[in-house]
Amino acid sequence: MLEQIPGVDRALASVMHGTHAEAIEPYADTVATLSALRDSGVRIGVVSNVGWDIRECFARHGLDGHVDAFVLSYEVGFVKPDPRIWGAALEALHAAPGQTLMVGDHPTGDGGSVSAGIPALILPMVESPAQKRGFEYVLRLAQVAS
């Protein structure tokens, strides 16, 4: 993880991990969106380039039960926008590219899913996790596809 980076020792990696992991809060519309998707039978995957295990954050907020697969770049050896990370996600979810949607906030990294045949919905950044993230668009798209 972080300690694998040259010049980062275990103590520094531990401090950096703790700082980032504890600071992450879900957006105001995250729980409702994940619950609605789960209730509709939609499989959910998280694809991330973070250098530490974000499963802990999801568990801390009670969101881990909504996620079918975590595909983390440091575990699979590919970094977004590399199409191979999307291939790993499709494999983990037992999903087809044309029946999958990438929802993210980074046009270059998250938009890289398009090269693997996965359409991307890029949501704008918001100031605070207390705000809604715009996940209602995901729910609208899921309803149309149903």
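Analyst: What follows starts with the strand, goes on to its surroundings and ends with other sites and the chain as a whole.

The model is predicted, so that local features need pLDDT of at least 70 and side-chain atom pairs count only at pLDDT 80 or more, while totals for chains, interfaces and linings use all residues. Residues are numbered from 1 along each chain as its sequence is written, and side-chain values use heavy atoms, with hydrogens and water left out.

The strand in view is E2, residues 69-72, where strands (E, at least two residues) and helices (H or I, at least four) are DSSP runs numbered from the N terminus. Ala69 and Val71 point one way from E2, whereas Phe70 and Leu72 point the other way, and all of them are buried, a word that stands for under 20% relative accessible area, with exposed meaning over 50% and partly exposed in between (1.4 Å probe, protein chains only).

E2 runs parallel to strand E1 (residues 45-48), to which four bridges join it; two strands pair if DSSP finds at least two bridges between them. Within this pairing, Val46 stands opposite Phe70, and Val47 has Val71 as its bridge partner. Together with helix H3 (residues 55-60), E1 and E2 make a right-handed β-α-β unit, right-handed in the sense that, with the strands pointing away from the viewer, the path from the first strand over the helix to the second runs clockwise.

Because Phe58 lies in helix H3 and Phe70 in strand E2, the pair ties together parts that are 12 residues apart in sequence.

Two loop residues lie elsewhere in the chain. Asp110, in the loop between strand E3 (102-104) and strand E4 (120-122), counts as buried at 5% relative accessibility. Beyond its neighbours within four places in sequence, Asp110 is in contact (heavy atoms within 4.5 Å) with several residues, including Lys80, Trp86 and Ile122. Its C-alpha is 9.7 Å from that of Asp82, 28 residues away in sequence. Glu25, by contrast, is partly exposed at 40%; it is placed in the loop between helix H1 (10-23) and helix H2 (30-39), and its contacts beyond neighbours within four places are His61 and Pro129. Between Glu25 and Cys57 the C-alpha distance is 8.1 Å, across 32 residues of sequence.

For the chain as a whole, the secondary structure comes to six helices and four strands, which follow the pattern α-α-β-α-β-α-α-β-β-α along the sequence. Buried residues make up 34% of the 146 residues. Of contacts between residues at least 6 apart in sequence, 51% join residues at least 24 apart.
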